Amino acid sequence: MLLSSRVKGISDSITMKLNEKAIQLTEEGKVIYNLSGGQLPIKPTHEFIEKIHHQLNFLKSYQYSPSAGFPALRKKLIRHFVDSRKLPSEIFENDWDVILSNGSKHTLYNALGALIDPGDEVILLAPYWVSYPEMIKFWGGIPTIVKSNVFDAFVPAIEDIRKTITPKTKVIIVNSPNNPSGVHYSEAWMKEFAVLMHENPDLVVISDEVYSDITYFDPKPSYFYQFDNSLLPRTIIVHAISKTLAATGLRLGWAVAPASIVSAMAKIQGQTTSGPNSLMQRALLDFDFNFLESFLTPVKNHIRQNAATLREKFREASLGHCWYQSTSAFYFMIDFSRTPMFQRFAPEQDHSDLIADELLNNEGITVVPGSDFGLPNTARIALVIEEVPFQEAITKIVRYLNKF
Ligand SMILES: Cc1ncc(COP(=O)(O)O)c(C=O)c1O
């Protein structure tokens with residue numbers, strides 16, 4: 001069958017593929033350390049599960065929601081955003097709204113669909129989340145990439161972003177805390193970014209904040225619009241329950257954005273999925289966000305501990321220049337090009353797919369290769385699995401990196 005050129009231009013999700021391969025190998029009886037997952041291996045907090053149970057009793061939980069989501073929940077999410085970011089509430093009294101979608105990936109699709117025309121450029125800061133380039137291409141846009149490296153803790157320089165902007169640049173996506181690097185950009189970076197935004201008055205920012213509740217080193221993440229509120233009218237803030245509530249399968253994400261962009265996104269959504277999941281919205285409306293802290297504190301302690309284990313084992317093995325201090329989200333990146341194992345490779349080419357394959361086949365470890373994050377010869381490892389298997393996995397990785 002002849003497929004559309006649009007779908008032919010899109011790659012499969014590599015993270016999903018790796019997860020599937022790891023599950024298949026486990027089912028075949030092999031011991032696999034799955035460090036490729038982008039989700040917490042626990043259930044949501046019981047206070048949220050109780051709300052879902054309660055909402056099962058109501059007819060409205062099973063019926064269509066308004067396209068952009070239930071108005072009461074939209075109001076609650078604006079209030080939560082304003083409080084958590086310490087913003088002046090009067091700004092949001094008029095002309096602001098929220099659209100809920102079936103996961104924040106869906107929110108991002110809607111936002112890009114509402115903003116970009118074919119040929120428009122969208123700036124991505126590498127390393128970036130694997131799905132961004134594919135989404136941009138789906139809508140006919142062109143991803144343009146600004147790189148960073150391990151010595152900058154994977155934070156791209158503002159000057160490099162400045163040089164990448166052209167008259168065709170429509171949108172820039174900022175993802176802090178970042179998947180895959182596991183760092184959040186500093187206050188100084190955000191202030192400089194605000195200046196850059198001022199120099200480019202037509203540029204729109206999508207601020208993907210799905211990991212903003214998961215930081216295990218101070219200072220906490222801050223955002224450019226907190227230092228300059230006048231940038232808010234061209235900012236779309238994306239969030240979700242997936243990472244914060246350990247609820248990736250429940251599919252609920254949202255954008256806080258100017259009302260005009262929310263209504264454009266709602267048009268797309270109304271003609272595609274109709275609206276977001278009603279049951280989950282009603283449970284979230286009932287849920288008290290104050291329970292988040294007690295739920296997330298042990299999660300963050302656990303991730304911090306695994307990050308420390310990793311750094312210690314790398315130090316002990318004299319693997320000095322291939323890592324940096326992660327601070328947030330679930331991830332850590334390794335730069336293979338600075339490890340002994342890499343000596344057999346030509347440095348100007350990307351070998352990250354091959355290395356990820358070797359790690360899986362020889363050591364039983366799944367990682368996500370950096371080819372998909374825009375940084376050759378790196379890989380993302382997730383810090384979420386239990387402490388003992390995590391230590392075993394890192395011992396194997398260290399052995400592999402020091403081999404050859
Ligand atoms: C940076 C980032 N944004 C958005 C998403 C999408 O999450 P969801 O669609 O589950 O809300 C993910 C998922 O991994 C992510 O890492």
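Predicted model: local features only at pLDDT ≥ 70, side-chain atom pairs only at ≥ 80, totals over all residues.
**Entry 1**

I found an open sheet of seven strands, ordered 2-8-7-6-5-3-4, and its pairing is mixed. Next I looked for the edges: strand 2 (96–101) and strand 4 (142–146) hold those places, each pairing on one side only. I also noted the twist, which averages 20° from one strand to the next.

**Entry 2: strand 2 and its neighbours**

I stayed with strand 2 and asked how it pairs with strand 8 (residues 253–258). The two run in the antiparallel sense, with six bridges between them.

**Entry 3: two domains**

I looked up the domain assignment of the protein chain: domain 1 covers 5–43 + 292–401, and domain 2 covers 63–288. Over C-alpha atoms, their centres are 25 Å apart.

Who meets whom? I counted 36 residues from domain 1 and 32 residues from domain 2 in the contact. On the domain 1 side, the elements giving two or more residues are helix 2 (14–27), helix 12 (291–316) and strand 9 (331–335). Helix 12 gives the largest share of that side, five residues.

Last, I sorted the domain 1 side by class: 17 residues are nonpolar, twelve polar and seven charged.

Note on methods:
Residues numbered from 1 in each chain as written. Pairing = 2+ DSSP bridges. Helix = DSSP H or I, 4+ residues; strand = E, 2+ residues; numbered from the N terminus. Axes fitted to C-alpha atoms, helices over the stretch in contact; angles between N-to-C directions. Domains from an automatic or database assignment. Contact = placed C-beta atoms within 7 Å. Nonpolar A, V, L, I, M, F, W, Y, C, P; charged D, E, K, R; others polar.
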